[in-house]
Amino acid sequence: MDRRDFIGRGLLGAAFGMVAGSASALSATPDEIEGPFYPVFAQKDRDFDLTRIEGKQGVASGRVIFIQGQVLDTDGQPVEEAIVDLWQANAEGRYRHPRDGNPAPLDPYFQGWAIVLSGRDGAFRFKTIFPGAYPASRTWMRPPHIHFKVNKPGYAELVTQMYFPGEALNASDLLLQRKDEHERQLMIASKIQGDPESYEYKIVLKKVPVAEV
Ligand SMILES: [Fe+2]
């Protein structure tokens, strides 16, 4: 849909009192497996800046990037105060996790894990290091990706993985290639103008009926 189309539909929606959910319906972000490396160490610093660890003097190695986004529901409404829990490998492709057998070095200054809350308009952002690719088996290299687990009461928990545009390894990834083309587009962030390098990523949650207490 081009911009004029989008504006046209918006005006139509307004003119007809917005048929609930139809004009602005979004596809939910596809699920993906959690993978074996959800953080298990107690870690105090889980703030939005993964490039530093509170109390340490150094800075994580690698390419600094910003990721900004918005949590929405499938009607296109912003979701405030969603818990956005994310974790990733360091620049060398290594997780701080006891089960990660990758011989690539740990980075003592890389936070690796963050929990941020979406704001009033569903917005969130974090600063991190471009994650390294890593071997999942002898014949399978995982492309750079960031794991997400997103929660908010009244919505289905979303566990997924976010990918980067233009990465050659995306085309041979056994997980990403299980998805259809539309799903893949929803899972790959968009590069946006920005210095440092910046990406935008939308997270769309499904509502679930809240049980009466
Ligand atoms: Fe991973």
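**A close look at one loop and its surroundings**

Guide: Helices (H or I, at least four residues) and strands (E, at least two) are DSSP runs, numbered from the N terminus. Please keep in mind that this is a predicted model, in which local features need pLDDT of at least 70, side-chain atom pairs count only at pLDDT 80 or more, and totals for chains, interfaces and linings use all residues. Residues are numbered from 1 along each chain as its sequence is written, and side-chain values use heavy atoms, with hydrogens and water left out.

E32 has a relative accessible area of 6%, so it is buried (buried means under 20% relative accessible area, exposed over 50%, partly exposed in between, with a 1.4 Å probe and protein chains only). Leaving aside neighbours within four places in sequence, E32 is in contact with V159, T160, Q161, Y163, L175, R178, K179 and M187; contact means heavy atoms within 4.5 Å. With R178, the E32 side chain makes a polar contact, side chain to side chain, at 3.3 Å. A polar contact is a pair of N or O atoms within 3.5 Å; within protein, one must be able to donate a hydrogen and the other to accept it, and residues adjacent in sequence count only if both atoms are side-chain atoms.

A salt bridge is a side-chain nitrogen of Lys or Arg within 4 Å of a carboxyl oxygen of Asp or Glu. Because K149 lies in strand β7 (residues 145-151) and E34 in the loop between α1 and β1, the pair ties together parts that are 115 residues apart in sequence. K149 has 15% relative accessibility, so it counts as buried, while E34, at 30%, counts as partly exposed.

The structure holds eight salt bridges. Another one joins the side chains of K207 and D75 (3.3 Å, N to O). This pair links distant parts of the chain, with K207 in the segment after β10 (198-205) and D75 in the loop between β1 and β2 (83-87), 132 residues apart. K207 is partly exposed at 47% relative accessibility, and D75 is partly exposed at 29%. D73, D75 and K207 are linked in a network of salt bridges.

Now follow β1 itself. An open sheet of four strands runs in the order β4-β1-β10-β9, with mixed pairing. β4 (123-129) and β9 (190-192) stand at the edges with a single partner strand each, so one side of each has no neighbour in the sheet. Inside the sheet, β1 and β10 pair in the parallel sense over eight bridges; two strands pair if DSSP finds at least two bridges between them. V71 has I203 in β10 as its bridge partner.

I203 leads us to the largest nonpolar core, which has 28 residues; I67, F148 and I203 have the most contacts inside it. A nonpolar core is a set of buried Ala, Val, Leu, Ile, Met, Phe, Trp, Tyr and Cys residues joined through side-chain atoms within 4.5 Å. β10 gives the most to this core, with four residues.
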